[in-house]
Amino acid sequence: MKISFLASHGGSSARQIISAIKAQTLKGFEIGILITNNKTTAIYPWCLENGLEVVHISAETHPGTEDAAIKQALLMAGTDIVVLSGYMKKIGNETLAAFNNKILNIHPSLLPKHGGHKMYGDYVHAAVLSAADMESGASVQVINADYDAGPVLLQQRVPVLADDTVASLGERVRAEEGDLYINALKKWQANAENQGNGA
């Protein structure tokens, strides 16, 4: 199965997944393309340095046709599954239709809690602390047309400590995200194989 990625910033989860594929700790996958909507982000030169295909597609490069260009680039790369790694834009309808139930995203809370439009990064951790939740974590979900509303594939729980700040809670959640994403991909792969076998 070929994984392609969409990233807006450093792409830390994408880096961990790519490293796991190269190290053969994540088996049965190969690397497709990485698409970023921000050419100045750290993931762009990292891909070039590591010999990975990377392309900049944004409203700036493809005004009015950004969604179609992303879909086409993913298809041309032979993509089987799309992984979002800190991608800050909503996926367009053309890409969603072309990769129905094949786009994964990670969210820094235990969905459905603290999800939705404009709930990302530190906003999520602040909401967890404001709600006095006893635990938080991260969720990998299969995305659909609504923010954070797709089915959850796998979650990792993280305790909220009495002296937590937004920064300390965020750091503890982020520390779990790479391994969680890798385990979620293994689960998605097993589910796909079972469906292929008629199970």
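These are my notebook entries on one predicted protein model.

**Ground rules.** The model is predicted, so I took local features only at pLDDT of at least 70 and side-chain atom pairs only at pLDDT 80 or more, while totals for chains, interfaces and linings use all residues. I numbered residues from 1 along each chain as its sequence is written, and side-chain values use heavy atoms, with hydrogens and water left out.

**Overall build.** I looked up the secondary structure and found six helices and seven strands. Helices (H or I, at least four residues) and strands (E, at least two) are DSSP runs, numbered from the N terminus. Along the sequence I read β-α-β-α-β-α-β-α-β-α-β-β-α. The C-alpha trace spans about 50 × 45 × 30 Å along its principal axes.

**Burial.** I checked how much of the protein is buried (under 20% relative accessible area, exposed over 50%, partly exposed in between; 1.4 Å probe, protein chains only). Of the 199 residues, 45% count as buried.

**Helix H1.** I looked at residues 12-22, where Ser13, Ala14, Ile17, Ile18, Ala20 and Ile21 are buried. They sit on the same side of H1, because their arc around the axis is only 160 degrees. That arc is taken over the directions from the helix axis to the C-beta atoms. Gln24 follows H1, with a positive phi near 65 degrees.

**Aromatic pair.** I found one. Rings of Phe, Tyr and Trp (its six-membered ring) pair if their centres lie within 6.5 Å; planes under 30 degrees apart are stacked, over 60 edge-to-face, the rest tilted. Tyr120 is partly exposed at 39% relative accessible area. Tyr123 is exposed at 53%.
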